[in-house]
Amino acid sequence: MAGNCSQEDCYPEETGCNHEGCDVLTDCQFYKKQANQVATEKEEEDDFYVRVPWTGNTLGLQDLNFLTSTSPVTLIGITGVASAGKTTFLATLYCLLRHGHKIGDFQFAGSLTLVGWENIAWYLSWNTHNDVQFPPHTSSNAGRIPGLLHISLRNKNGEKKEVVFTDAPGEWFGHWIVNKNDSNAAGAQWIHEYANAFLLFADCEMLSGNQLGKARQQTKQVADRLKYNIKNRPLGLVWSKSDIDIDPEVKKQISNHIQNSPLSNYQEFETSVRNEKSTDWQMNILESINWILTILSADTNELPMVSRFASTDLFLSKR
Ligand SMILES: Nc1nc2c(ncn2[C@@H]2O[C@H](COP(=O)(O)OP(=O)(O)O)[C@@H](O)[C@H]2O)c(=O)[nH]1
Ligand SMILES: [Mg+2]
């Protein structure tokens with residue numbers, strides 16, 4: 001039961017009546033009044049709300065129905081173990097779009113999860129003396145918060161794209177590499193099944209320090225899991241925190257391991273939240289998403305020609 005509704009997929013107090021479309025919740029056959037509650041006239045007035053089917057915060061799986069039922073959605077799986085820089089990457093992406101940067105020729109055109117974006121980007125927005133603060137850890141027990149972040153993009157020709165990013169806790173992927181059927185890995189498994197494309201985060205900070213062995217092994221293991229049944233879906237390797245130097249040999253080993261069996265769409269990107277002179281680290285964040293969207297739009301089938309008897313008559317002599 002969700003809130004005061006007996007239907008599992010309805011959150012009437014938050015996003016309105018999903019089943020019957022009732023404006024007055026107490027009129028709904030599925031809405032449960034508290035026991036012994038005798039509504040006064042004032043309370044009944046309060047029961048009338050015009051609600052929109054989203055809250056502005058990150059979307060959960062059921063919230064996704066609203067979007068997927070009206071538009072094609074590109075789901076990008078942001079993957080990698082804890083602290084690899086996934087949430088910071090997304091926050092930087094949002095800040096760049098907010099500053100008017102584009103993804104290819106597509107521009108920010110709205111979001112159903114503005115509150116969710118602002119929550120993660122707030123930390124990057126208030127920096128004194130260029131001292132960037134990072135978002136807090138996305139923990140796996142944070143309720144509905146680690147969820148799905150949405151942006152609408154539009155280009156000059158009016159073409160629109162709805163893109164959803166997963167902001168999942170790294171622990172999910174930690175469990176997933178040990179046992180993909182672990183109940184704590186269900187979220188990672190869901191991303192693997194449904195994402196249209198993946199970005200895998202290789203953490204230059206961990207790969208440069210005394211955790212090198214563990215970080216290298218985990219990155220390869222997540223890559224192996226992702227590659228299983230990947231088909232043509234793009235897989236981008238993100239060298240996150242590229243402001244920290246790592247041994248080129250380590251990079252080569254990981255890169256070779258991932259490419260040891262053929263991948264139809266694979267590319268690497270060096271990124272960082274810090275934009276030091278003569279680097280493209282921040283722009284590469286936009287570029288990685290552009291690469292994915294370009295590959296996926298090339299996959300769209302061309303519409304077949306409709307046969308007609310007379311080429312001059314578009315309407316009447318349709319086959
Ligand atoms: N030097 C550096 N550190 C970063 C960068 N991005 C993230 N970090 C650090 O990595 C930590 C984990 O980042 P976070 O985005 O929360 O990782 P997540 O667990 O994969 O979402 C942050 O608290 C920062 O200290 C970066 O571009 N450069
Ligand atoms: Mg995170």
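Here are a few notes on this predicted model and its ligand site.

1. First, the ground rules. Local features need pLDDT of at least 70 and side-chain atom pairs count only at pLDDT 80 or more, while totals for chains, interfaces and linings use all residues. Residues are numbered from 1 along each chain as its sequence is written, chains are lettered from A and ligands numbered from 1 in the order in which they are written, and side-chain values use heavy atoms, with hydrogens and water left out.

2. On the overall fold: the protein chain contains 11 helices and 7 strands (DSSP runs, H or I of at least four residues for helices and E of at least two for strands). Of its 319 residues, 43% are buried (under 20% relative accessible area, 1.4 Å probe, protein chains only).

3. Now the polar contacts (pairs of N or O atoms within 3.5 Å). Polar backbone atoms of S83 and G85 each face an oxygen atom of ligand 1, at 2.7 Å for S83 and 3.0 Å for G85. D243 brings a polar side-chain atom to 2.8 Å from a nitrogen atom of the ligand. The protein covers 85% of the 580 Å² of accessible area that ligand 1 has on its own (Shrake-Rupley method, 1.4 Å probe).

Conventions. A polar contact is a pair of N or O atoms within 3.5 Å; within protein, one must be able to donate a hydrogen and the other to accept it, and residues adjacent in sequence count only if both atoms are side-chain atoms. Buried means under 20% relative accessible area, exposed over 50%, partly exposed in between (1.4 Å probe, protein chains only).
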